[in-house]
Structure formats: structure tokens, C-alpha cells
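Dear colleague,

I am handing over the structure that we talked about, and I would be glad if you could look through it alongside the notes that follow.

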Amino acid sequence: MKKLIAMLTALMMCSGMLLSCASGESERESYTYNGAVTTLGSNWNPHTWETAADSAVNDYITSPFVAMSVRDSENGVYQWVYEMADAITDVTAEHRDDLTRYAVTLPEGRTPETIDSGYVFEFSLNPEAKWEDGTPINADSYIYSMKQLLDPGMHNYRANLYIAGESALAGAAAYYNSGAPVYVPMTAPHGTEGDYSYDLEKGITEGLVYVNVNSSDTTLSGKSLAELNSSYGTGFDAEIKELSDAANAYGYTRITAENRAAAETLIHGLLTEVFGITGEAELENHTREVLRIETETGGETVDYDSAVGCYKADDYTIRYVCQTAIDINYFLTSCTGNWLVYEPLYEAGKDTSGELVTTNYGTSPETTMSCGPYKLESLQTDRQMVFTRNENWYGWEEEDGGLISYTDFEVDGEKRQQYQTTRIVIDVMEESAMKQAFLKGQLTEWSPPAEELTAYAASDQLYRVDETYTMSFFFNTDTDMLKAMDKNRGNTNSVVLSDENFRRAFSLAIDRAEFVTATPGYKPAFTLMNNLYFYDIYNDPDSSYRNSEEGMQAVCRLYDVEYGEGMAYKTLREAYDSVTGYNLTEARALMKSACEELTAAGLYRAGEDIVIRIAWSKAALQSSDNNQIALLNRYINAAAEGSGFGRITLEGIGSVEDRYGDVPTGEYAVGYGAWGGAAFYPFRNMQVYCDNRQYEIHEAACWDPSSEQLTLNVEGEDAAMSWQEWSNALIGTGRFADSGSRTKLAVTAQLEELYLKKYYRIPVCSTTTCSVLSYKNSYYTENYNIMYGFGGMRLMSYNYTDAEWDEFVADQGGILSYE
């Protein structure tokens, strides 16, 4: 009844509000968006931001070059919308000379004369764009900002978006590293005079030996020594402090006679306690892999104007040259951000006293300048941020004494009002307090925790959004490490995980349809990639990898589901739709085989109990977690019935700081976690499982994908590469990067299938985000689309002014019901 009253009241008040909107919004009519976070952003400098909270500030105060918005909400059609650019076009054919000038990477066998597209992009800039103080934004603004972003004397964190990746800027990496020291392992060629690979004493004497204490470079298991010490709690805090105090601006510390003892204690201790390395010779060899030599290579000075492919063509035109070829739509995706900074404040905030130059730009209202629809008006540290409209944003127009904005593109056939929000208030509060604030009408949105989600399942205000993240169990299958965990880590007979049949039985024993009911909103998953992965979404919105013929066949082969004449399923689609991942009969047969194999190998004694600790969560376990763990124990014991195995206990462990690192290093035999993201790049997805040179793979204790070879039939011919090479073969300058979608689909599907058949990782469910929207607001569309969400803040509307909302909440007794 409360909800019905609220909806009727909203309709009555909304009718009056719409009349006022039609004649222009008065500044007296305020529409405030109220958000809540546990931590505010502290650094929203586009060149150095790090956290999601930092990024959220930029969403309000910065406009991108392009964005996506709704074109046809009923049919889920999106459109590119130009913001800080009026157009972005591929002009490679007209500027082939840039390919040589900026030393781009061409596909094998190609010359600049044969390249027509994918490298040089021209930005026609928005001439109406201004900073919040009215200063025009032109080509010089962008070139200055890019030079600062890549400045080798600053080493800005977000340069990583431009020196690497699909849209990497040609020459950017060379300029960014210009004049910077280069550090290589002692065991690798390094270009210095003499052989320091073996002469440690000489290296230290001549001051060339360094150790990575806290730089962003990786040393061991993808971490610096400080990160390893923190992650594993090894207790070498004194040594870390001594070496950190002497670190240079790049995070490296030179080894001297004074700090050598601390360095050796730290390195040997980490190698022993984290990686189990104890032999004298082994310790010496691995120490040389940890130590770095400073070389002279790569430190030459590089001039931006001659080397970096981002340059001014005229006052309102810039060109951007990519290091490798990229499709225009994927390039536009990389332009949904901006690298722009305001020169006077950026320069005024510079500090040149250290080894690297820094700036305090974007850390307070006084050091911030907006070029977006809103500006930062006030900041109370650890308490509140307030944003108001930026009067000089190009999208506003005056109407009846107030500011209003309409899209310059059609949405469902009409120009629509946009950015109706007049004020944004973000308050800091504990998650436990957010529910009460929302029910009191003090928040615009609230995400219920899993244990409370059921109460809101029937609410019209609940919005569910599928995510790309797939929750999986990932294993350590190394027999020696499993034996060690049985002795020292609270496991009993976890060595059974070394048997592939045991792990396969584990997978088939899980009733995923029931398992997901323990966490409302989750959906069953049987593969690494779910339905949100698209291989050609810009040209074909129905190009779902999972629903492709190749993607469906991989699933059917993985779960042994046949189709065709005389089969239970006549078509591929019918066979694919039948897959549940659950087959108790087969799981029991596999468990019996596993017990026989393990007993014969002398690894397990029939009838003995089994206890396996699972690194479950970084947070403390919730009731939903315990419900899932209880189901797992029921499933695996049902499969083990009559197999010869004793009672199996799976113990979920919460508050695990780094479960992804703890499994491959032998702290836990099993972890529970997710991979996801990059929904429009399914052809590179296997990198996170197979490219152990670029990623710290979770299954590192199971195999070495850079040495294990795999032969696949591609386009009618056998091709042999390592798994690591295959994971890169479809992108960049990979062997099949220029092949068509059908070839790439076939390779990706085979890789996914064959990888999952190793059972190093068992997918079980995909995640969703669930939030409840206040009665005060409405999304533009109820139909979520991965390209534009529900329409975003741009198209969000208000059913009440702030004054009307306060009156409505008071009329409801100060507490609203959304159940």
C-alpha cells in the first residue's frame, strides 16, 4: 500500500513538474542526486588517478571525446555521441607517411604503402568546449596535456593507457622512458661492460645492483618485495623500511655494503617462506633473478615532437597515430575518456624537489578545473563532496532564467532533456548505514547485500544487471605442494586434487541451478565467458561469442552432449540449451576411478577422510557464503558415495587478503574467485589463463603455459604454438590477428574447451549487480543494454523536485518501503 501511494503521488507531482520543465527549469527548482561511498576520491588528476572513487569524480567533471547513448531503447540500438570532438575519422590512407615517421608496428610482410586504415585518426575538436572559467579548449590544450601525461620526468601512472594496449600511441613508450634508468635481472643480458650475471661483488662495488622494493615493475609472483611482504605477512617490515627509505623515485634501491645484509635477509626470507626455496644453490640462483642491474640501454633522450604520434594539425584538429592497427570502433571505445588537464593549475601545482616531478592538480576544489557538465564545488575530507552545474559547459543553454540542456542527437526519434540533475552530493558512510539512509529518502540508489536481496526481489524499483564476471574454483594441482599443505596448512589428503578425474567429478557434481540460489542474483555458468561477450558488436549487435556456432559447440564437446539425427537433441541449439553442468552418475564413476588411481599411486589410502581449505573471500564470510559451502559439501560427498573415498570436508575460509596469489604459492589448495571484463574482446580473453608472462595466472602451480605446446587445426592446416603464444595469436601482431571472425571464433572456442578440460579451473556462476532506485528518480529505459546501461545520468529524470521529495517523505512518516 505504501508503494502504491508513493507511485500515485509521484504521478500527480510529476505532471506538475513536467509542465515546469517544458517552459524551462528555474534555478529555484533543484534536483539533487544523493550518493554514498565508504571512501571518497582523493586524486582525480586524469594523469595519476588510481581508484574507482577517483575515477568517479572525473565522470562528473570531465567530458570524453565520444560516448554511447540510446538510439532506440525498445530494440536496444545504441549510437556514438560526440562530445569534446565533433568527429573522429580514420585518415591512414591520406597520412601513410606518419607510419614511417612514428615507427608504427606493421603486420608481418606489410609495408606502409599497403596500409589503408587502422593507424592514423583525426580528431575534429569541439570549438565550443571551454574550461569552467571560460578559457577555450583547443588543439594546444590537448598537445600540452599529452606531453605532460607522458613526461619522462614525471612518470605519471595513467600513461599506462597510452604506452601499451590496443590503442597505444606510437612513440609514447620511447618518450615515456626517455632518460629513465632501465633495470634487468642479473641473469639476463643487459648491455653493460663485464659479466655481472655471476660477479655479484663487482656489481655491488660499482654501484650497479638494485632491488625492486616498491616500484610498479614486477619481481616475484607479479609483485614488488614490499607487496610480497605485505600480502604474505612474512614479517620483514624492518628490512622493507630500511630499503624503502633508500629507494629512488622509480622504487628501486641500490645495494650497498650498508644495506646488503637487509637485502639478503629480505630476499632469502621471501624465497623461503613464500616459495619454499631452501637449497643454497637454488637460493643463489633465484636471488640473481630478483636482483637488478641498472643498464644504459633505453635511456637515450627522445624528443616528443619528432617521436610521438599525437600532434596538432590546426587550432581545432589533432591527429593520433596508433602503434598497432585498430578498428575504428575499438578506437572510439578508447576515446570514451580524456587526457585533458588545465595548464595554469597543472603548472602551479608542480613540485620539482624530488627525483621525479609531481603536481597536486586534481586533489582539491582549488586545484581542479572542470570541462564537464558539473564542477567540484566543495570537499570535506572523509565526509562529503558536492558538485554543481558548470555554467560554461558547452551543452547548457539559458531558458526562462535557468540552465537546461537537450541532446543534440535523437533518442527514440526525439531530442531529449539531458542532465536534469542540478546538484550531486556524495556522502561518506558505512555500508551498514546506507540502507537506513536510503529508506529515509536520503540516497538515490542503494545496493542491498546478498542476504537482504530476497526481500526486494519483487520490487519494481529493483534493477538487476548481468556482469561479465564468472565465479570459479581454481586449483593448485602440484603434488609436492599439496603434500606440504596436508602437513602445514590444515588440509588432510588434499593431494587428491592432483588427479584430473577427481577435479572433473567435482565439477559434474555441482548442481549449478541450485547453487546460485544461495546468492540471489547469481546465474549458473558452465564456461569461462558468458553471454555478455561480443566479437563484433559494433557491426552486429547479435554477435555473441557464446551463442556463435563455435562457442556452443565447445560447450557441447566439453560436457559430452551430442546432437543430430537419431540423437536426443536434433540441433546444436537444443543440445547447447540442455547443458546444466550437472551429471551425478558420471561424477560418481569418475570419483571411483580417481580413488583407484590415487590409491595405486600411493598418494591416498582408501577410506581416509579428506579436508580441503578453500580461500573463499577477501571479506569475512556471509550467510550466503556459508550456504554455498554447505551445498558444495553435499554435492561432493554425494559424488564420492561408494567410491572408496572417506568423508570429504570443504572448508571455506574468509578474510583472505590475496586468495589469487595464495593458491599458486601453496597457502591454499583451492580458491574461489572471478575473472571478467573486456566484454568486446573475447579473442584476447584466454590471456588471463595462459599468458603467464603478462599476467599472474591463478593456476600457475598447475602448469607452465609458456612451455606447454598445443597444436590446433586452423583454416585447414595444423599450427603448433605454446598456450601462451596461442592466447596472443588473435590480437595485435599475433599470427592470426588479421584472420576473419570465423577463424578467430574457432580458435577461441578450441582454446576455451581444451583449457577447461584440464580442470585447473571450474566455472560455477556469473555475477550480477542489483540496486534499488529511489521513487524520486526514473531511468530513461527499463531495458538494460551493455552499451548504454539504463541511459545513465545523462537521461535520468526526476519525479520530484527536492522540495517536493522532502514533503513526500515526511508524508510517509519519514520511512519509505520498497519491498
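At what angle do helix α22 and helix α23 pack, and how far apart are their axes? Helix α22 (residues 584–600) packs against helix α23 (residues 623–640) at an angle of about 65 degrees, with the axes 7 Å apart. Here helices are DSSP runs of H or I with at least four residues, numbered from the N terminus, while axes are lines fitted to C-alpha atoms over the stretch in contact, and angles run from 0 to 180 degrees between N-to-C directions. In α22, Leu584, Ala587, Arg588 and Met591 meet Ile636, Ala638, Ala639 and Ala640 of α23, where contact means heavy atoms within 4.5 Å.

Please keep in mind that this is a predicted model, in which local features need pLDDT of at least 70 and side-chain atom pairs count only at pLDDT 80 or more, whereas totals for chains, interfaces and linings use all residues. Residues are numbered from 1 along each chain as its sequence is written, and side-chain values use heavy atoms, with hydrogens and water left out.

Beyond its neighbours within four places in sequence, Leu271 is in contact with residues including Leu220 and His286.

Gly153, by contrast, is found in the loop between α4 (139–150) and α5 (160–163), and is partly exposed, with a relative accessible area of 26%.

Best wishes

Note on methods: Helices (H or I, at least four residues) and strands (E, at least two) are DSSP runs, numbered from the N terminus. Buried means under 20% relative accessible area, exposed over 50%, partly exposed in between (1.4 Å probe, protein chains only).
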